[in-house]
Amino acid sequence: MSSNHELFQRALQLMPGGVNSPVRAFNAVGGEPFFTHRADGPYLWDVEGKRYIDYVGSWGPMIVGHNHPAVRKAVAEAIENGLSFGTPCAAELTMAETISKLVPSIEVSRMVNSGTEATMSAIRLARGFTGRPRIVKFEGCYHGHGDAFLVKAGSGALTQGTPTSPGVPKALADLTMTLPFNDFEAASKMFEDTGSEIAGLIVEPVPGNMNCVQPREGYLQHLRELCTQHGALLIFDEVMTGFRVALGGAQAHYGITPDLTTLGKIVGGGMPVGAYGGKREIMQQISPAGPVYQAGTLSGNPVAMAAGLAMLELVQAPGFHAELTRRTILLTDGLQALADGEGIDFTTTRVGAMFGLFFSSEKIETYAQATAADRTLFNRFFQSMLKQGVFFAPAAYEAGFMSMAHDESIIADTLRAARTAFAELRQ
Ligand code: KE4
């Protein structure tokens, strides 16, 4: 079989940056990516046979570990009946029932094929339902590559958006306003100034795309109150936090009821699935029940539903999230102790089974603090761990993910590698 390098050199000729999603290219951390040949439990094996303990977990879906027998069995059985029908099938109904059971704020849901599709649809729905033009997002939060989200805080009284990518029209970016996460006053001021024009506010309730940052006490409730007061929809983007920070997601963990929720990753069990949903009154505006159009050839695909349903079954095991949280604490406390032992400025964050690592002496609560953390040290730590067979997210602004396949011996192996990595940082 070809080497990682040979495959990547060929891939560079045929795919932009040699990858099908930018972060996989390792540009943020340097070096070339490895090509995975197979995955099982907590491990990935690359095409050269090197094994990695994997804390990326396909960027979140693999909360029960890779290639779980129950998920594999469900997919194998579903395939026996065909790959795609293009008509309703019972598995879609079971998925909708399961989502509503686990996330009660989602009275009505729609399946799509990615987190991006879910968030794009939720934004369109918020605008269609309220008849208002503006959207609020947060700097450092990522909601997929929809045009409305590729916007950063711009200048101008209304904090009008500035595109972060060519191809996003300024006229559209102007309708996306950006706030600093965890800043109570800035949110209040924006709603005082433009509340009557805001269709929806979309937020990662536990941001995982500025690495993992925890909401300050009362902050999510503050956003809930502002949206209620001004008639804007509160949209929780739980693509990453859903079924991970708690069985019912961040909304259950913090006791907040959003108007709409977007889902992805775990809900698909590793297959291409996204979903959005919320209050019946709002969701009934979606075609064909209502006038807001949204559609998808493979939405609710029977094989993808089988994978997602098998995964959602597994995460409902008694004590599942408590045990995952315990293991996450074991890892982050272990890393903290090792860094402290070497006198390295290092801090961790975590909620449920997602965590963040920062080379900083500060308690990380804002995007400014997260981006001020030492990325050079992060990249050196990443490379040392990778060399020792531990794969963390190849970028300083990505969260880490614990799985039920990472038992205490795996965590001990990780900490053994980290001891060496932190010692190397001192050289
Ligand atoms: P997808 O379109 O990639 O399925 O989901 C977009 C998305 C939406 N909302 C949140 C909170 C997300 O984290 C994501 C995607 N997450 C990234 C990792 N930061 C996926 C990895 C990638 O882009 O390759």
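1. In which loop is Asn182 found? Asn182 is found in the loop between strand E8 (176-179) and helix H6 (184-194); helices (H or I, at least four residues) and strands (E, at least two) are DSSP runs, numbered from the N terminus. The phi of Asn182 is positive, near 75°, in a residue other than glycine. Asn182 counts as buried at 1% relative accessibility, where buried means under 20% relative accessible area, exposed over 50% and partly exposed in between (1.4 Å probe, protein chains only).

2. This is a predicted model, in which local features need pLDDT of at least 70, side-chain atom pairs count only at pLDDT 80 or more, and totals for chains, interfaces and linings use all residues. Residues are numbered from 1 along each chain as its sequence is written, and side-chain values use heavy atoms, with hydrogens and water left out.

3. Phe26, in the loop between helix H1 (4-14) and strand E1 (36-40), is not a glycine, yet has a positive phi of about 70°. With 3% relative accessibility, Phe26 counts as buried.

4. Ser287 and Pro288 are joined by a cis peptide bond, with omega about 5°. Pro288 lies in the loop between helix H9 (280-283) and helix H10 (302-314).

5. In helix H2 (residues 69-80), the buried residues are Val71, Ala74, Val75 and Ala78. They cover an arc of only 95° around the axis (taken from the directions from the helix axis to the C-beta atoms), which puts them on the same side of H2. These buried residues pack against H10, contact meaning heavy atoms within 4.5 Å. The face turned away from the buried side carries the exposed residues Pro69, Lys73 and Glu80.
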